[in-house]
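I would ask you to keep the structure in view while I talk.

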Amino acid sequence: RKPHASNLARPAMAALASASAVSLGALPRASALSRQQRRAVPARGRRVVTRAAVETAEKDPLEDLKVGAAKLVISLLPDEGGLRWVGGLLPSKFKSTFDGLVTSYKKQMLLALNGDEERAGRALTSIFKDMLTAYSGQIIGTPFEFPSHHLAIREPFDYYQMANAYIGSLIEFDRSILRYPERWSKVQAQLAAGDNVIMLGNHQSEGDAAFIPLLTEVSHPGLGEQVTYVAGDRVVTDLLCKPFSMGKNLLCVHSKKHMDDDPSLKSAKMKQNLNTVKEMQRLLKKGGLLIWIAPAGGRDRRAPGGTITPDNWDPAAVEMMRKLGTKKAAAKTHYYPLAMATYDIMPPPATKEKSIGEERVVNFTGAGLSLGEEIDVDPATGEWAKGLGEDADMAEALTKYVLAKVVDEYRAIEACNVPGGGPVALPEGAIRPTRPPSVPVF
């Protein structure tokens with residue numbers, strides 16, 4: 001019984017484009033880490049790319065001098081006032097966004113640090129100075145352009161660590177949840193054996209690419225550094241996202257939503273999407289690949305009544321991942337449903353926006369991950385295909401089945417992600433993730 005879905009020749013590109021990955025986050029590493037803390041940051045499997053970019057403009061011969069001067073000025077900023085002054089020099093459409101973010105982050109640091117103004121100011125200044133240092137290269141220097149397959153940049157500037165410091169400082173670990181640690185261990189064993197793992201999940205906040213690294217760093221060392229995220233337009237073009245994206249392994253796609261923004265670029269975008277599919281095939285053939293993809297094509301949104309439910313998925317995106325992972329040439333591939341409860345740490349706008357450069361607000365609260373049981377995606381043997389007729393749409397049936405598993409897992413962990421909430425009991429099979437060494441203590 002063959003699935004009712006397109007083969008790879010039919011827009012595998014379009015299917016991939018309909019699935020967005022993480023929006024990755026908005027901000028940077030913390031220079032407040034001591035040398036001892038930096039040594040504690042996991043480096044297992046570290047891959048370094050110095051500048052795997054396609055530079056779209058001729059480099060200014062004085063660029064390095066200008067960027068160096070800007071970084072020197074930033075390093076000398078004494079306090080919050082200095083941050084706001086430099087933020088006022090950002091491109092006009094980002095000025096108010098940055099200023100609002102400084103205000104929001106400072107408020108949440110006061111909550112995290114029990115109202116200690118001195119420590120909150122120190123945390124804000126340290127983290128945001130590093131953020132501005134990262135942005136200076138994008139604004140004054142040659143903007144980084146992402147290839148189809150991007151490897152995390154860890155040296156000379158550790159963009160992966162900057163995300164852990166910024167987003168990790170917003171996580172209330174005493175209220176956070178990591179469910180089914182034994183399943184995460186199984187994933188590690190499968191990767192170590194040379195198998196592939198594809199996690200199909202919901203997507204809630206700009207910081208989602210940091211939560212697997214942060215919540216598994218102590219219990220499952222090195223796993224977070226192995227994830228490759230399927231990343232859409234926003235995370236590789238929005239100025240406030242790009243430094244975070246540079247610190248993650250990415251398979252970059254242009255989404256349907258942004259494909260026609262500039263008609264003159266549509267052909268190039270489609271070509272890159274095709275290259276991304278080819279690269280994904282190559283990586284799956286090699287084996288040992290861990291992919292995270294959000295088949296909804298964007299972030300979940302809060303309903304008018306205040307509830308949050310993982311958004312519906314695109315069956316074409318799920319079917320494409322099934323086909324890619326089950327091709328004869330691919331190494332054995334395992335599929336898991338993954339639920340994330342991360343919405344309110346970096347809540348998205350109330351409505352879906354097409355433009356780049358949205359307002360940023362942050363909250364200090366818990367976060368949760370719940371990994372469902374491995375799913376057999378074979379229509380001949382999978383639980384989801386039993387009892388279906390010959391004419392059933394197999395792609396849609398599989399999508400509904402996996403999404404239902406994600407919703408079930410999400411309901412078990414969602415209580416942890418309520419700002420200002422009280423104690424959160426651990427659901428069955430869950431542990432409390434330990435605050436990792438990569439999150440600085442101020």
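I shall describe the sheet, then the helices, and finally the nonpolar cores.

Please note at the outset that this is a predicted model.

Let us begin with the sheet. Strands of a sheet pair through backbone hydrogen bonds, and the pairing may be parallel or antiparallel. Here 9 strands form an open sheet with mixed pairing, and their order is β1-β5-β4-β6-β3-β7-β8-β2-β9. What stands at the edges? They are β1, residues 149-150, and β9, residues 430-431. Each has a single partner strand, so one side of each is left without a neighbour in the sheet.

Consider next strand β3, residues 196-201. All 6 of the 6 residues of β3 are buried, so this strand is largely enclosed by the rest of the structure. In a regular strand the side chains alternate between the two faces of the sheet. In β3, Asn196, Ile198 and Leu200 point one way, while Val197, Met199 and Gly201 point the other way. Strand β3 runs parallel to β7, to which 6 bridges join it, and Leu200 stands opposite Pro337 of β7. With β6, strand β3 also pairs in the parallel sense, over 4 bridges; there the bridge partner of Met199 is Trp292.

Further along the sheet, β2, residues 177-179, and β8, residues 368-371, form a parallel pair with 3 bridges. Leu178 has Leu369 of β8 as its bridge partner. Helix α14, residues 266-286, packs on the sheet and touches several strands, including β1, β3 and β5. The direction of α14 makes about 130° with that of β5. Helix α16 lies across β2, β3, β7 and β8, and runs at about 40° to β7.

Now to a pair of helices. Helix α15, residues 315-326, packs against α16, residues 394-413, at an angle of about 95°, and the axes are 8 Å apart. That angle makes α15 roughly perpendicular to α16. Among the residues making the contact are Pro315 and Arg322 of α15 and Leu398 and Thr399 of α16. By type, the residues of this contact divide into 4 nonpolar, 1 polar and 3 charged.

In soluble globular proteins, nonpolar side chains tend to be buried together. The largest nonpolar core in this model has 71 residues, of which Phe128, Tyr166 and Met199 touch the most other members. Helix α6, residues 117-139, gives the most to this core, with 9 residues. Apart from it lies another core of 40 residues, including Met321 and Val407.

Key:
Residues are numbered from 1 along each chain as its sequence is written. This is a predicted model: local features need pLDDT of at least 70, side-chain atom pairs count only at pLDDT 80 or more; totals for chains, interfaces and linings use all residues. Side-chain values use heavy atoms; hydrogens and water are left out. A nonpolar core is a set of buried Ala, Val, Leu, Ile, Met, Phe, Trp, Tyr and Cys residues joined through side-chain atoms within 4.5 Å. Buried means under 20% relative accessible area, exposed over 50%, partly exposed in between (1.4 Å probe, protein chains only). Helices (H or I, at least four residues) and strands (E, at least two) are DSSP runs, numbered from the N terminus. Axes are lines fitted to C-alpha atoms, for helices over the stretch in contact, and angles run from 0 to 180 degrees between N-to-C directions. Angles under 35 degrees count as roughly parallel, over 145 as roughly antiparallel, 65 to 115 as roughly perpendicular and the rest as oblique. Contact means heavy atoms within 4.5 Å. Ala, Val, Leu, Ile, Met, Phe, Trp, Tyr, Cys and Pro count as nonpolar, Asp, Glu, Lys and Arg as charged, and the others, Gly among them, as polar. Two strands pair if DSSP finds at least two bridges between them.
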